[in-house]
There are 2 protein chains.
Amino acid sequence: MVIVKHTYIADLKHKVGEEVTLHGWVYNKRSSGKIWFLILRDGTGSTQCVVVGGQVPDEVFDLDGVLTQESSVSVTGVVKEEKRAVGGYELEVSDIRVHQIAQNYPISKKDHGTAFLMDNRHLWIRSKRQNAVLKVRAEIIRACRDFLDSNGFVNLDTPIFTANACEGTTTLFETDYFGQKAFLAQSGQLYNEANIMSFGKVYCFGPTFRAEKSKTRRHLTEFWMLEPEMAYCDLDENMEWAEGLICHIVDWALHRCKEQLDSLERDTSQLRKVKKPFARVSYTDAVEILQNSGEGFEWGGDFGGGHETIISDHFDGPVIVHRFPAAIKAFYMKRDPEDERLALGMDFLAPEGYGEMIGGGEREADYDTLLRNLKQHKLSEDAFQWYLDLRKYGTVPHSGFGLGLERTVAWICGLSHLRETIPFPRMIYRLEP
Amino acid sequence: MVIVKHTYIADLKHKVGEEVTLHGWVYNKRSSGKIWFLILRDGTGSTQCVVVGGQVPDEVFDLDGVLTQESSVSVTGVVKEEKRAVGGYELEVSDIRVHQIAQNYPISKKDHGTAFLMDNRHLWIRSKRQNAVLKVRAEIIRACRDFLDSNGFVNLDTPIFTANACEGTTTLFETDYFGQKAFLAQSGQLYNEANIMSFGKVYCFGPTFRAEKSKTRRHLTEFWMLEPEMAYCDLDENMEWAEGLICHIVDWALHRCKEQLDSLERDTSQLRKVKKPFARVSYTDAVEILQNSGEGFEWGGDFGGGHETIISDHFDGPVIVHRFPAAIKAFYMKRDPEDERLALGMDFLAPEGYGEMIGGGEREADYDTLLRNLKQHKLSEDAFQWYLDLRKYGTVPHSGFGLGLERTVAWICGLSHLRETIPFPRMIYRLEP
């Protein structure tokens, strides 16, 4: 059901020869005697509006000296094809209605420091670059949902308020919940595991929270995570779902975000190489790759960003690492039946040094084993009684994973810092605007 | 990109004559001598599996005496058309593989009290009724996104952590943010207003939080809200967007949730009446309707649920109420240029007594007026400086609204309580499971 209220710049190709009124903001302006050009942006694109002396009332022509960057205007004119103009069309202006002349817009074309831009994030998002990144983000969200919806996954929102902390409380945000303590969820996985027993395949996609004290370019305190979970699914199938999702995201972005990726100067040849099947390597073999590359890495440790880059460079493309030491993985991860030291986890590493985008694995489905793991991790049996119940009443092999949205956006757009991948980033020293 | 890993009950219509293996849970069972029937559910539906003595190994036939409700099984057999069976197909069983026999599943077909069911929410969601409601929820989410995506809205996630409280702190959840106070957002609107200046039309769709002490059937502490916001959009156009969205949701549910609405015994004739254009009535005229109906309602007050029902019954269908007393509306709402006492707000009331689903309005676009309103509401000018900036640098007429997802699900499904409309509801005395 499409509702058309007014014409947008993205519609101009269907309006050649017609008179339209566009509503937007002044992006740029240049004059050359009896003619001046207004570059208008309206959220769907930007276009050149040509104002010719004698063809418009004097007061409209005189706006040349008045209009400033970010002034809000409605521009009426006839649409013409013009190959040399940005977007391929232009407007022969007959009238301009001014809503507001913007005075002293603080962000100019010159370079600003990051702190200044972050303080003015509410305005910075208007820039061409930020607009492009956030549009790619919106398209990646659509790609994720399209992939899962088309494959029979049911979107179920898991709770943010939780009574219990499953991985310790040090990185959890806490709130007073009518006299009780509540924590903000870092994952919907445990609830997804309940949901699959009713729906087969599910996903949640919402904000998650981590009180990260680290000030790195890869950490936000508030970030969005997509978490699919599948009943009757083992580790191998889990890897296929992760691979399918990543390929769908990359294809979608290449097809629907061409303009944005171009304007971000993203080298898309690297993205075009992302094809099934991805390389798969066990943790143990990956450690050997690290050691052969001269890294003094010991079996049993967790990979850092540098290690991930060495591993993915080795494969020159996307790679899935699987079967990690159980000791470094969460209590709910299933042990490898062929080697008790290993857990059936898997991480997807993006190429070009972007590292881990996805972490997941097969879940422990056996009641007694899960209970033993809970105790080993010194977690309260009582608090997890409902989660243990899932292994009591018709337990099934099941798996799932989490995809970090902001990391994915950074990779697809080729950005080095997560702060540009979300409209209003939240970090240790950043709660405003 | 569709990935097929195994056959689901929903696929049986394409598999007649083929041997398939279904993976699911025992929903029901009945025997009649040399034949017994297993009703299997797998999240996509349920189907009858026919086990005939002599046609399966004895140990499979003997499972009749062993399988219990919610036991997890993989059932192999040939698909047959069978009009009398639920769903129209059945399986001629050749093999059953048992994953787990469920012992003493606590939820039986008999009536349980609400507190018991809520304590066992992680299992209760497996019931046919809860499965149906939550599938309708997932489809309504898709309908919302489909409508907005097709109409050029850009999905931008607004922050949950906010430094400031725009409508007082009494109903806000608070957290310690590295030594600073942060509040959990009740709305993404103010950020949406920044985003439209870059994107034209945007929406956010995420969890919102309200520390409601009220224990009513219409309140959750954590609920999901869809919030579209449009630049260059006045109150009338805002009402058209709300109307279009509601019609799209109702159509979508009628087409895609037929099975679920049937199983919930929803009288869909009431939903079929939801058609454009909706009745529109000013607050002032609505007050007259209340007074004529014998309610002693005074101009200037806020409508309660009972008032909303009288107003919507008067129109025997959906209705939009607009132009409320400014005194009962938020500081950011634009005053009616034709009557300073009024604010350009609008509420959509669902029929059948379901009341307010949508609240919104045109926003104040003028810097000086907004500043005056802020001061009248005793809000900090400093904290809202970024929001005031939006009126300084190319302000435009703009509008938006919020749709409560859980209320919409309750209305479409015909439910009297919000607790069934979200997988794991959070209320004043309910933080688990």
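Reader: How many residues of chain B are in contact with how many residues of chain A?
Author: This is a predicted model, in which local features need pLDDT of at least 70 and side-chain atom pairs count only at pLDDT 80 or more, while totals for chains, interfaces and linings use all residues. Residues are numbered from 1 along each chain as its sequence is written, chains are lettered from A and ligands numbered from 1 in the order in which they are written, and side-chain values use heavy atoms, with hydrogens and water left out. If contact is taken to mean heavy atoms within 4.5 Å, then the residues of chain B that touch chain A, and those of chain A that they touch, number 112 and 112.

Reader: Which residues of chain B lose the most area to chain A?
Author: Buried area is the accessible area (1.4 Å probe) that two parts lose on being put together, summed over both. Chain B and chain A bury about 9000 Å² between them, with 61% of it on carbon and sulfur atoms. On the side of chain B, 10% of the buried area comes together from the residues that lose the most, namely B:Met1, B:Tyr232 and B:Tyr393.

Reader: How many salt bridges are counted between chain B and chain A?
Author: A salt bridge needs a side-chain nitrogen of Lys or Arg within 4 Å of a carboxyl oxygen of Asp or Glu. One such pair is A:Asp149 and B:Arg142, whose closest N and O atoms are 3.5 Å apart. Between chain B and chain A the count of salt bridges is 6.

Reader: How far apart are the C-alpha centres of domain 1 and domain 2 of chain A?
Author: An automatic or database domain assignment gives the bounds, and in chain A these are 9-100 for domain 1 and 121-420 for domain 2. Between the C-alpha centres of these two domains of chain A, the distance is 46 Å.

Reader: Which residue of chain A meets A:Arg126 in a salt bridge?
Author: Between domain 1 and domain 2 of chain A, 1 salt bridge is found. With an N to O distance of 2.8 Å, the side chain of A:Arg126 meets that of A:Glu70.

Reader: What is the phi of A:Glu70?
Author: Most residues other than glycine have a negative phi, and most peptide bonds are trans. A:Glu70 lies in the loop between helix H1 (58-61) and strand S4 (72-81) of chain A, where helices (H or I, at least four residues) and strands (E, at least two) are DSSP runs numbered from the N terminus. Although A:Glu70 is not a glycine, its phi is positive, at about 75 degrees.
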